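Here is a short tour of one protein model. Keep the sequence and the 3D view open as you read.

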Amino acid sequence: MTLANDTVRLSYLQAIVEAQREEMRRDENVILMGEDIAVYGAQSLFEEFDGTRLRNTPISENSFVGVGVGAALTGLRPIVDLTIASFCYLASDQLINQAAKLRFMTGGQLSVPLVVRTSTFYNNRTAAQHADRPYPLFMNTPGLKILAPATASDAKGMLKAAVRDDDPVVIFEDINLWNKKEDVPVDPDVLAPIGKALVRREGSDVTIVSVAGCLPHALKAAEVLAERGISAEVIDLRTIAPLDSETILNSVARTGRLIVADNSHKVGSVASEIAAMVCEEGFDTLRRPVRRVTAPQVHVPYNGTLEKQLFVTRDKIVSAVETLD
Amino acid sequence: MSLDSDRQLEAFRRMVRIRLFEEALIAHNPVGHLSIGHEAAIVGACMALRDDDYVTGTHRSHGHPIGKGAEIGPLMAEIFGRRTGICKGLGGSMHLTDARMGLICESAIVGGGFPLATGAGLSAQVRGTDQVSLCFFGDGATNQGTFGESINMAAIWKLPVIYFCENNGYAVTTPVATSHGQPDIARRADGFGIPGVAVDGQDVEAVHAVVAQAVARARQGEGPTLIEARTYRFDEHSNRLAIPIEYRSQDEIEYHRRERDPVALYRAVLCERGRQQECEAVENEVRETIDAAVAFARESPEPEWADLWDNMYASPPGPEHARGDRK
Ligand SMILES: Cc1ncc(C[n+]2csc(CCOP(=O)(O)OP(=O)(O)O)c2C)c(N)n1
Ligand SMILES: [Mg+2]
């Protein structure tokens, strides 16, 4: 027997597999598709479910995402595994022109309960064509919900919420978090809400908004800052679209300072959007200029020493905070 | 699997509806890509489907919902951009989706419908129904990657999908002959290990027969078929497009209008079968339907600002969405 608040220790990656297993058990209209899923990621699901609901796809990203859209339009709730986030570009037509627009273009006649999962493979020496963090690109598309869980519990709970949501959801998973273990709720009906950021650490001097895998760095930065007498509040954004501007604005209203940590490239990043939003809606509460800590506007190099220097770290966040005073 | 006597007249009715719908647009509201010349291909294909079968269309898709039996008024109102339109005036000429009739998308992105139709086939297979899905597309669309990607997936999974090409010989001004390494489109099926059939797209009963066979195959779990209906577009690519060159001869156009008009051809067949009066009655009835649809569209209100926001999400995402520009 499991109790309502029982937990089990799972890695971020295991939590994703469990979410899929539970949702496939709960609803027979949930199917899973993707390249090589029979060998990577979903092996254990093949022991429980047959090939009708688990589809190893050919290398046809645009079409298998579109097949997911077509299936979603007609009664299924597909989870499409797009493996590496840099492959989103191949599927962007079906994601943007079809999934995101079909409900609108049909005057609300249709809905697209589709989940697309994809992983950001940065800091992994895979070079420029495998290492992108393209979430801002999709944030610019109305109609898509964009999630970026940063903990194992959220990886599970948000994926489950996405499967039960009636709109197209894209989830960016972060491979740098894959092995992080945590106590994850066992109850198959515990969901993590879409559209709600979470204050992971309370503070009063500065707000650090963390996007996706920046969270461990932001929390470490807050510890370092605490030793130096600066009280940092850390907000885990969790949902990139729709943005939870309320939680961010409320925090900035108390701290007066804002740092946004985001591993996408600086120009037009999630950090840019948050900075613009706070400048428009919370300007009076800001005591210092907003700072973005992001990847610079260059491509990801193969060389590991250089690659590491591109991304958000504890120290980069700490120094950004220190420039504020 | 041939059309019985009642269905023959219904096929004629739907063909006349398409023709007069398009002619009304030329007269009253010249927007969009017209299906005049394609009527037999469209209706022949749709008459082989059930109401609960799925259809995806294209930019040239006024005919597809009409062929599937959709109500005319909301289609006309949609093209007029009205709130009473089938998509509340938010979709327009290239997106006349009537979900009640199994239409799930008309893609204005050439080739965009292949994956969606394939996914609807997958859905029917997973849910264990015997529905099929039929994907309409043009000759030009066969040069998109989604054509091969999607047909391949339908082939390996034996999905109940009919890929139905309305080959009118041109993609805007580009002829098939100069843009297709294998201009014989039905033969492309060989590359995917599925049947490919070419048919005279101006002969509604011939089209119906080949589609009915493909549908039966699909319902029995034997997988997809590629059908190439050879047809011809009587008007320009689209109503508002200026064509600065003569990419097809006047003789060619005149020949098709004179000798290969699918509506006239089928009327002649039905008259030969002694059904002239019935044909005339259908023509009168359709004329009234179309006039009423134009009047309905004209009198209908335009959509409102709030409609933009109300049709974005099935599960509205919360406060941010409700803020700002909505007001
Ligand atoms: C992806 C894409 N590229 C280009 C266009 C512009 N375009 C609209 S229709 C068309 C030709 C399509 O030809 P075909 O598939 O033969 O259909 P037809 O118009 O002949 O019915 C083109 C190039 C488009 N809408 N989408
Ligand atoms: Mg064409």
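Which residues line the largest cavity? They are Ala99(A), Ala100(A), Arg103(A), Val112(A), Gly143(A), Asp167(A), Pro168(A) and Met312(B).

This is a predicted model, where local features need pLDDT of at least 70, side-chain atom pairs count only at pLDDT 80 or more, and totals for chains, interfaces and linings use all residues. Residues are numbered from 1 along each chain as its sequence is written, chains are lettered from A and ligands numbered from 1 in the order written, and side-chain values use heavy atoms, with hydrogens and water left out.

**Empty space**

Rolling a probe the size of a water molecule over the atoms shows where empty space is left. The search uses a 1 Å grid over the protein atoms alone. A cavity is a set of points where a 1.4 Å probe fits but cannot get out. A pocket is an open set with protein on both sides within 12 Å along at least five of seven lines. Lining residues have an atom within 4 Å of a point. Points are joined across faces, edges and corners, and a volume is the space filled by probe spheres set on them.

The whole structure has 1 cavity of 30 Å³ or more. Ala, Val, Leu, Ile, Met, Phe, Trp, Tyr, Cys and Pro count as nonpolar, Asp, Glu, Lys and Arg as charged, and the others, Gly among them, as polar.

| Space | Volume | Lining by class |
|---|---|---|
| Largest cavity | about 30 Å³ | 5 nonpolar, 1 polar, 2 charged residues |
| Second largest pocket | about 480 Å³ | 12 nonpolar, 7 polar, 7 charged residues |

In the second largest pocket, 26 residues form the lining. Nearest its centre lie Tyr40(A), Gly41(A), Asp81(A), Thr83(A) and Trp178(A). Helix H1(A) gives the largest share of this lining, 6 residues. Helices and strands here are DSSP runs numbered from the N terminus (helices H or I, at least four residues; strands E, at least two).

**Contacts**

Trp178(A) also pairs with Phe121(A). Their rings are edge-to-face, 5.6 Å centre to centre, with 85 degrees between the planes. Phe121(A) sits in the loop between S5 and H6 of chain A and Trp178(A) in the loop between S7 and S8 of chain A, so the pair ties together parts 57 residues apart in sequence. Rings of Phe, Tyr and Trp (its six-membered ring) pair if their centres lie within 6.5 Å; planes under 30 degrees apart are stacked, over 60 edge-to-face, the rest tilted.

Arg21(A) and Glu48(A) form a salt bridge (3.6 Å, N to O). Arg21(A) lies in helix H1 and Glu48(A) in helix H2 of chain A, so the pair ties together parts 27 residues apart in sequence. A salt bridge needs a side-chain nitrogen of Lys or Arg within 4 Å of a carboxyl oxygen of Asp or Glu.

**Backbone**

A cis peptide bond joins Ala241(A) and Pro242(A), with omega about -5 degrees.
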